[in-house]
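Hello,

Here is the structure I promised to pass on. Have a look at it first, and my notes on what I found follow below.

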Amino acid sequence: MAPEENAGTELLLQSFERRFLAARTLRSFPWQSLEAKLRDSSDSELLRDILHKTVKHPVCVKHPPSVKYARCFLSELIKKHEAVHTEPLDELYEALAETLMAKESTQGHRSYLLPSGGSVTLSESTAIISHGTTGLVTWDAALYLAEWAIENPAAFTNRTVLELGSGAGLTGLAICKMCRPRAYIFSDCHSRVLEQLRGNVLLNGLSLEADITAKLDSPRVTVAQLDWDVATVHQLSAFQPDVVIAADVLYCPEAIVSLVGVLQRLAACREHQRAPEVYVAFTIRNPETCQLFTTELGRAGIRWEVEPRHEQKLFPYEEHLEMAMLNLTL
C-alpha cells in the first residue's frame, strides 16, 4: 500500500473509531469514503479493522453504546460489504447476531479518546430530552470547550474550577484527566442530572470529595446542586473558584438572564480578591440568542471578548456547526 493510501486508510479508521465510540449519528460517518476503498480492494481486511476499531474496541466492549445503535451500525456495515463482496464476512454477521440477542437499555455509553491514550466514558440517557431536562446528554459545545481546555491546560492547572450546568460531565472529566486542576466542582440543578454526574465521575476512576480512598494526585471533585435563580452570594462564596466555565447553556432567554445573574453574584463573592476567569462556550444556533447574551452582559457591566478558535479537533462533533467561546471579565 502506498504511503498516502495508507495514511488515508488510517484517517478513515480513526474517523469510524471516534464516531462510533462517541455514538454519533450514523449519517455523520464517512460511508462514501469507505465504499470507494472497498471498491478498490478485493479483500475484507478493512472491514475487519473497522469492526475491531468499533464494536470490538476494548473501550466499547467494557462500556458499550446502546444495543439499538450498535445494531444499526453493523447493519449499515454489512450493507456496504454486500454491495461489493459476494462472500459473506462471518465476523460481521456474528457481531450483529450478538446485538440481536442483547437486551435493550434506556442508558448507553459514549466514549471520547484523549491525547494521553486514556478516554472519558459517559453513561447517558438514550433519549435526547429525558425526565424534563437536556442535561442527561452531551452537547457539542461541551466537546469544543474540552478541546480548548486540553490545548490550554495552564488555565486550569492547580486551580479551583467551577462548572455551571455540567450536564453529563464530559468537559469536567476531560479537564480533570488532562489539565491537573487542584479542585473541580461539577454543578447542575436537576436531581437526575446530579445522580448521573456522580455515576460518571466514579465511572472514570475519580473520587468524590468525601471518599477517603481518593488518590493524592487527583483533584478534589465535588458534585453540587446549584440553582442559578436562588443561589445566594453566601452560598456561592463557599466555592471560591479561580475559573468558572459553562458550555451550551444559552438555550433560551430565561437561562441567559439566570446565568448573567449568577455570574454577577460570583463576582461579588471575591470583593477583595481577583474575580474568577470565566469561559462560556456555545453553539451558534440562533444569532438573536447570542446577541441577547452579550446585551445582558453589557447591562451587568461584564466585559467580554471572543476567544480565538483552537487548532486541535480531538472529538467528533458536527462539522457544519458554528462554535464560539467568550472570555468574560467579572
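This is a predicted model: local features need pLDDT of at least 70, side-chain atom pairs count only at pLDDT 80 or more; totals for chains, interfaces and linings use all residues.

On confidence, the protein chain has a mean pLDDT of 88, and 91% of its residues reach 70 or more. The stretch to treat separately is residues 128–136, where the pLDDT is below 50; beyond near neighbours in sequence, this stretch has 24 contacts in the model.

Let me start with Thr289, which lies in helix 12 (residues 287–299). Is Thr289 buried or exposed? Its relative accessibility is 18%, and because buried means under 20%, Thr289 counts as buried. Leaving aside residues up to four places away in sequence, Thr289 touches Leu250 and Ile256.

Now for the nonpolar cores. The largest has 43 residues, and those with the most contacts inside it are Phe156, Phe186, Ile245 and Phe315. Helix 7 (residues 140–151) supplies the largest share of this core, 9 residues. Apart from it lies another core, of 30 residues, and Leu250 and Ile256 are among them, as are Leu164 and Ile302.

Next, the cysteines. How many disulfides does the count come to? The count is 0. For Cys179, the closest cysteine sulfur is that of Cys176, at 8.9 Å, which is too far for a bond. Cys179 counts as buried, at 1% relative accessibility. Cys189 is in no disulfide either: the nearest cysteine sulfur belongs to Cys252 and is 11 Å away. With a relative accessible area of 44%, Cys189 is partly exposed.

Finally, the salt bridges, which come to 12. Three of these pairs follow.

- Glu91 and Arg48 form a salt bridge, with the closest N and O atoms 2.9 Å apart. This pair links distant parts of the chain, since Glu91 is in helix 6 (residues 90–101) and Arg48 in helix 3 (residues 45–53), 43 residues apart. Glu91 counts as partly exposed at 24% relative accessibility, and Arg48 is partly exposed too, with a relative accessible area of 28%.

- Glu76 forms a salt bridge with Lys80, and their closest N and O atoms are 3.3 Å apart. Both sit in helix 5 (residues 67–84), and because they are 4 residues apart, about one helical turn separates them. Lys80 is buried, with a relative accessible area of 13%. Glu76 and Lys80 also belong to a network of salt bridges with Glu35 and Lys79.

- Glu277 pairs with Arg159 in a salt bridge whose closest N and O atoms are 3.1 Å apart. Glu277 lies in strand 7 (residues 277–283) and Arg159 in the loop between helix 7 and strand 3 (160–164), so the pair ties together parts that are 118 residues apart in sequence. Both of these residues, Glu277 and Arg159, are buried.

Definitions and conventions. Residues are numbered from 1 along each chain as its sequence is written. Side-chain values use heavy atoms; hydrogens and water are left out. Helices (H or I, at least four residues) and strands (E, at least two) are DSSP runs, numbered from the N terminus. Buried means under 20% relative accessible area, exposed over 50%, partly exposed in between (1.4 Å probe, protein chains only). Contact means heavy atoms within 4.5 Å. A nonpolar core is a set of buried Ala, Val, Leu, Ile, Met, Phe, Trp, Tyr and Cys residues joined through side-chain atoms within 4.5 Å. pLDDT is the predictor's confidence in each residue, from 0 to 100. A disulfide is a pair of cysteine sulfur atoms within 2.5 Å. A salt bridge is a side-chain nitrogen of Lys or Arg within 4 Å of a carboxyl oxygen of Asp or Glu.
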